[in-house]
Amino acid sequence: MGIVAGLDSSSAFTRIVVCDTDTGAVLRQGYAPHPQPATDPESVHPHETDPQAWLLSLGEAAGGGLLEGVQAIGVSAQQHALLPLDAQGGLVRPALVGNDKRGQVAAADLIEALGGRQAWAEAVGSVPQAAQPIAKLAWLARTEPEAARRVAVLMSAHDWLVWQLLGRPARRTTDRGGASGTGYWSPATGAYRPDLVELALGHMALLPEVLGPAEAAGTTPEGLLISAGTGETMAAALGLGLGPGDAVVSLGASGSVTAVHHEALSEPNGLITSLADATGMHLPVVNVSNAVRALRGTADLLGTDLEGLSELALKSTPGAHGLVLLPYLEGERTPNLPHTAGTLSGLRRDSMKPEHLARAAFEGMLCGLADALDVLRSRGVEIRRVFLLGAAAELPAVQAAAPGLFGAQIVVPAPADYAALGAARQAAWALGVQQGTLAPHTPPVWPAPAAQAFEPGEEYPAWQAVRQQYVATREQIHPGAFQQVPQVL
C-alpha cells in the first residue's frame, strides 16, 4: 500500500485529496480559497491574476500534516490560463485566465491570418476562441507589445505549479492534455506548431516538453514524485474512470459534451474542439452557449427557482403540448449561430400554461445538448453512457427527460472532487510505473464512483418524437444550421 495526493487548483480554490494507491480510497482532504488581492478588487481585471495566490492556497490546503506519508503528487489546474514568462522565469505580466472576452478580436484575426476555420481545425483540431492561450497571446502582442517582446517561455497553470513544486528546474514540462488546449499543439500529430506561436506572438518562445501519461515530471529534493499533471477536464475524466463509449455532459450556464475516443477529431467549422486526455486517448468536445441559463431565464419569468421549475415541468407531459424552445439566448456555438436569439414556437391557447413552458425549457436545453452529442456521433464516436455533471443534473425533470432525449444510459455521479481524484490517480500511476508495479499504458484500476443510473425505458419512442419535433422546429427557423452534420435520431 502507498499514499498519493491529487491537488486541483481551480479558478477560485485549491482542493487536495490524499488517496490509497491500491483502492483509491480518500484518506484525507484539504481545501483553501485563493487569497484575494490586497488592492481594491474593483481595480483588478477578473481575468488576470497573480499565480502566487495559487501557491498560497496550496500551502494552506496542505496544512496540518495533510501530506504526511505521501509518496507522489499529481496536479490538476484550471485550463485556458496563459503564464508568459521572461528568460529568467519571471512573469512579464499577471497570468491571463478564464474566458477573457478581450481576446475575441485577436481570435478572429488569427482565424483570418491562417486562412479560415477549416485551416485551424486541420492544424490543431480547434478554431481559436477568446479563452484559448493562443488568442490571449495574440491579444498580448496587440495591446501590450513591450511586454510581449519580453516573453521567452509559455506555460499553463498546471505546468507552472508542477515547475514550482519541483523547485523551478531548467526543464519545464506539460502533458498532452494540457498542451491540447493551447491552440498551438496538435492532438493528431502529437507535436507543437511553433509557427502558430510566432503568428500570434510575433516571435518564438520556449514551450514545455510534453510528457507521456504515466511519466513523472520529476522528484522534489525530499524525494516526492511529481507526475506530469494535466488540465481539469482531463483530470476529471480520469477521476470518473471514463472509457470508450462514455461521454460527459456538463451543465453550467453554458454546456459542453465531452467523449472518449480513440483518435483525434476535427470538424471543418470548428464545432469540435479536439483535446487529448490524460491516458493516451482523445477527448473531442462540443460546446453549447446555452444550458442552465435557459432554465434560469424561464424560472425568473415564472417567478420560481430551478427546483420549482422542475416541479412545474413534471406536471406537463413530453412534448410540452407542442411548445418548443430553441434556447439560443446568448447566440449559439452549436449550431454556429452567434448572433441569433432564442425562439418559443408552438404557442396555442391550451399550451399557454406555466407547466408547459417549464417543460419546454428543460426539453429545449437537453435537445440543444443532444445536438452536440449528434455532432460527435456523426463522426463515429460511440456513446453508450452519458455522465451528467453540475447541480442541475440533480433536478428530477432533467433525470426524467435526459435518457430518452440522449438515447443512452444517464449516470449522475455523487458529488466529489473528481479533478483532484484524477490527479491522485495519475500520481499513483506514475509511482507504480517507477516502482515497476504498473504498466505505462494502463492506469491503476480504482472503483467507479457512487452514482445513480437512469435508462431510456419504455417511453423512449415518445422522447424521440420530442426530439424530432425540436429538430423540425430548428430546421424551419434556422434551415441548414447543421447541414454538414447528419442528425442521429
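Leaving aside its neighbours within four places in sequence, which residues is glutamate 355 in contact with? They are Leu312, Ala313, Lys315 and Ser316, where contact means heavy atoms within 4.5 Å.

This is a predicted model, in which local features need pLDDT of at least 70 and side-chain atom pairs count only at pLDDT 80 or more, while totals for chains, interfaces and linings use all residues. Residues are numbered from 1 along each chain as its sequence is written, and side-chain values use heavy atoms, with hydrogens and water left out.

Glutamate 355 belongs to helix 12, residues 354-377; helices (H or I, at least four residues) and strands (E, at least two) are DSSP runs numbered from the N terminus. Glutamate 355 is buried and has no salt bridge, and the nearest side chain of opposite charge, that of lysine 353, is 5.0 Å away. Buried means under 20% relative accessible area, exposed over 50% and partly exposed in between, with a 1.4 Å probe and protein chains only. A salt bridge needs a side-chain nitrogen of Lys or Arg within 4 Å of a carboxyl oxygen of Asp or Glu, and by charge Lys and Arg count as positive, Asp and Glu as negative, with His and the chain ends not counted.

The peptide bond from threonine 334 to proline 335 is cis, with omega near 5 degrees, and proline 335 lies in the loop between strand 20 (324-326) and strand 21 (343-345). Most residues other than glycine have a negative phi, and most peptide bonds are trans.
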